[in-house]
Amino acid sequence: MSPSVLITGASTGIGAACARALDGEGFRVYAGVRRAADGEALRQDASPRLTPLLLDVTDAASIAEAAGRLRSETGVFLAGLVNNAGIAVAGPLEFVSPERLRQQFEVNVVGVLAVTQALLPLLRTGPGRIVNISSVSGRLASPFVGPYCASKFALEALSDSLRVELNPWRIPVSVVEPGVINTPIWQKSLAANASIMDDMPAESQALYGREVAAMQGFARSARGLEPLAVARVVVRALTDTRPKTRYVVGTDARLGVLLSRLPDRLRDWLLLNRLRQLRK
Ligand SMILES: NC(=O)c1ccc[n+]([C@@H]2O[C@H](COP(=O)([O-])OP(=O)(O)OC[C@H]3O[C@@H](n4cnc5c(N)ncnc54)[C@H](OP(=O)(O)O)[C@@H]3O)[C@@H](O)[C@H]2O)c1
């Protein structure tokens with residue numbers, strides 16, 4: 001029987017690419033989506049093994065229902081869990097509302113742990129593997145994407161703690177750290193954050209308007225690797241004989257990791273220079 005994997009947030013971008021790539025590798029893919037239509041779209045060019053699963057990672061009932069369905073369908077074994085669902089909240093930290101910060105953490109951090117907790121009994125039997133889609137932003141915190149970076153730093157910490165805690169059952173926990181990838185997350189973030197900027201007090205425009213416009217310009221023109229590049233790495237994390245704890249994807253991500261190791265003041269100086277360049 002094909003090994004089963006669950007991918008959260010498989011409607012678009014990296015999650016959809018992982019679903020297709022793992023399906024192509026012969027896995028039985030459970031593709032977590034929030035709308036049935038997204039699941040149907042995925043099934044169009046996939047094998048009959050691919051099964052959409054309605055799953056909102058911020059909804060306890062939805063997680064319980066998905067876990068129940070997996071328990072009944074895969075027997076007692078899940079070969080992999082890919083925690084991919086994510087959103088990006090941006091903006092000057094001085095004006096990010098606690099509500100938006102909570103929303104960021106609900107999806108990117110709390111949701112990951114809630115899904116993992118629900119599925120650990122199924123992962124323990126194999127044992128299966130856990131792959132968390134983090135980001136270079138989990139290693140290097142950039143200005144004006146503070147909420148997103150904070151969520152990915154938290155995800156890195158959760159993954160490190162979990163890896164050691166799950167060692168007795170030999171459940172590997174890997175983190176995948178992509179740089180810029182061409183997915184809808186950039187447009188979604190721009191749309192969501194534009195309305196947030198509109199709701200911010202007028203003084204925020206006066207204080208941070210130029211920097212925010214520069215960062216929005218960067219997001220608008222961001223061109224990175226295709227999602228398949230990340231999907232290939234996820235396949236490796238699930239199949240390598242000895243999975244790595246961290247997989248960095250892309251030259252920009254590797255550069256980011258190098259930057260993160262510089263002394264704080266030097267790193268700040270480089271980031272400020274970059275911001276100045278973007279503002280021109
Ligand atoms: N793109 C990049 O440059 C980049 C770089 C590094 C890391 N990443 C990470 O890669 C992961 C995937 O992002 P992406 O770039 O592929 O963006 P994307 O195309 O926007 O995909 C995000 C996925 O998460 C889902 N999602 C959002 N909120 C959810 C919730 N509450 N419950 C379940 N699913 C939810 C979305 O579903 P809906 O369609 O229903 O909203 C979508 O399927 C994220 O964790 C992101 O942080 C992306």
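**Close-ups of a predicted model**

**View 1. H7 and H10 are roughly perpendicular to each other (65 to 115 degrees counts as that).** The axes of helix H7 (residues 202-221) and helix H10 (residues 264-279) come within 8 Å and cross at roughly 85 degrees. Axes here are lines fitted to C-alpha atoms, for helices over the stretch in contact, with angles from 0 to 180 degrees between N-to-C directions. On the H7 side, Arg-210, Glu-211, Ala-214, Met-215 and Phe-218 meet Arg-274, Leu-275, Leu-278 and Arg-279 of H10 (contact: heavy atoms within 4.5 Å). Sorted by class, that makes five nonpolar, no polar and four charged residues.

This is a predicted model, so local features need pLDDT of at least 70 and side-chain atom pairs pLDDT 80 or more, while totals for chains, interfaces and linings use all residues. Numbering starts from 1 along each chain as its sequence is written, and side-chain values use heavy atoms, leaving out hydrogens and water.

**View 2. Seven strands make an open, parallel sheet.** The order reads E3-E2-E1-E4-E5-E6-E7, where strands (E, at least two residues) and helices (H or I, at least four) are DSSP runs numbered from the N terminus, and pairing takes at least two DSSP bridges. E3 (51-54) and E7 (246-249) sit at the edges with a single partner strand each, so one side of each lacks a neighbour in the sheet. From one strand to the next, the twist averages 20 degrees.

**View 3. E5 (residues 129-133) runs parallel to E6 (residues 173-178).** Four bridges join the two strands; Val-131 has Ser-174 in E6 as its bridge partner.

Terms used:
Parallel < 35°, antiparallel > 145°, perpendicular 65-115°, else oblique. Nonpolar A, V, L, I, M, F, W, Y, C, P; charged D, E, K, R; others polar.
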